Amino acid sequence: MCLRVKNHVILDCEHTGKEVEILVDGKVIKAFEGEPVLAALLNAGIKINRYTVKRKEPRGLFCGIGQCTDCAMVVDGKANVRTCITPVQAGMVIQTQDGLSKGE
Amino acid sequence: MLQKDVLVIGAGPAGLAASIEAGKYGASTLLVDLNMQPGGQLFKQIHKFFGSSAHRSGTRGYDIGKQLLQEAQEANVEIWMQSTVIGIFPEHKVAIEKGLDSGKKEMITIQAKKIIIATGASENAIRFNGWTTPGVMGAGAAQTMINVNHVKPGQQIVMLGTGNVGLIVSYQLMQAGCDVVSLIEAAPKIGGYAVHAAKIRRAGVPIRLRHTIIEAKKGENGCVCGCVIAEVNEHFQPIPGTEETIACDTIALAAGLKPTMDLVKLAGCKLTFNGPFGGYIPLHNDRMETSCLGIFVAGDTTGVEEANTALEEGKIAGISVAEDLGLISPDTASNQRKEIWERLHSLRLGPFGERRMQEKEAVMKEYETCIGAPIPIQ
């Protein structure tokens, strides 16, 4: 799946960061360095970032600007990372968060 | 402890404009924001602005953003990104958490002679069944994804709400290559400008008036696979038997915004409730000072409007702090404020603006009668 915006009538959508790989729940996906982790996941068709504490319901992108915390995931062993305001770095290890995961 | 003349919280149009004014007159100014890049929501505004040339009509939002960042640099404004204010204390001591969620965070306490709070607004949610399902998001979130991050939030979009945000974001989703299936509006008429609605209609996208979404359908993948809409009666209640299911993978909510008030409340500023402005807002005077001495506000935090009014209010706040710091004379400050208020009047005209002008005046009048003179943070 590719959901990147291309050939836009107004915007230049070339990414300035270089293309790198990140690991999401054990699967390698392509991402651009510096873009929000969430954007790379969406492009790969991954929309569920975490499951709620009690009812284990899926949650994903809601506000996109660091306010709602619905896109929190475990990043490089650290839990509750808001992926919409966290830039991609090469080799990042991302996991879907289960409840109030404590990370590692 | 780090000492600054001015601390500005929020690097959107209001915060940037305030910092530029304060910095320009020689105040040591620190601007902090929790996001990755400064500019607030300006960089997702890819459409040309309306209004007069004094308000940069015909210029796209992101170009205004670039221009402001340039001016901020020239005014020696120090900008800290990925920095969240988590406490405001007496004597204007402020606790700032700096750093990425994924990295090491640092706690920094600073003291500022003046504080300007410009934290903007956040989108309202509509709580139909299944509204928390991944694929349901704010219209602004969808706009951020396409215009800033250049990735589509989904392929088939249903937009709830036809105010200007709903209309503009729908059109921008089409420009990004998404299939906008339908726009849903509970009112009997379109909320936003006819010029935006016309673009949607020309593209052949149906706008369903007197309808609302009553349920988001969840697919086997745990994400949105459709929505159920229904006609509403004159009390906005769904009429049984009118339900229809629309296939989509994304539901965008454009149901207005409310001012982001956390820090204003934390500082103890006196509030008032104002429906047209989106909810609780801080009382302020015509210098944009709150009930707390030395704490100023600007932009959507003082009532939801748009980028140009935010810019102008930011300038007023910046000029007022420069005046209080003794960097410009009271006469100069008051003349400049007068000019800006005149420009604000011209922005708050017409069917959408006039109401806001009246409400703004009511807020300042309430300030005069209930507060009069600001007092230090308790």
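Two strands pair if DSSP finds at least two bridges between them. Helices here (H or I, at least four residues) and strands (E, at least two) are DSSP runs, numbered from the N terminus. This is a predicted model, where local features need pLDDT of at least 70, side-chain atom pairs count only at pLDDT 80 or more, and totals for chains, interfaces and linings use all residues. Residues are numbered from 1 along each chain as its sequence is written, and chains are lettered from A in the order in which they are written.

**View 1. A hairpin in chain A, made by β1(A) and β2(A).** Strands β1 (residues 19-24) and β2 (residues 27-32) of chain A run antiparallel, joined by six bridges. One pair to look for is I22(A), with I29(A) as its bridge partner in β2(A). Two residues sit between the strands, and D25(A) in this turn has a positive phi of about 45°.

**View 2. Helices α1(B) and α2(B) cross at roughly 30°.** The axes (lines fitted to C-alpha atoms over the stretch in contact, with angles from 0 to 180 degrees between N-to-C directions) of α1 (residues 13-24) and α2 (residues 61-74) come within 9 Å. The two helices are therefore roughly parallel (an angle under 35 degrees). L16(B), S19(B) and I20(B) in α1(B) meet L68(B), E71(B) and A72(B) in α2(B); contact takes C-beta atoms, placed from the backbone, within 7 Å.

**View 3. Helix α4(B), residues 164-175.** Its buried residues (20 or more other C-beta atoms, placed from the backbone, within 10 Å of their own) include V165(B), L167(B) and I168(B). Among the elements covering the buried residues of α4(B) are α3 (139-147) and β10 (179-184) of chain B. Just past α4(B), G177(B) has a positive phi of about 100°.

Conventions: Expected span 1.5 Å × (residues − 1). Buried ≥ 20, exposed ≤ 12 C-beta atoms within 10 Å, placed from the backbone. Contact = placed C-beta atoms within 7 Å. Parallel < 35°, antiparallel > 145°, perpendicular 65-115°, else oblique.
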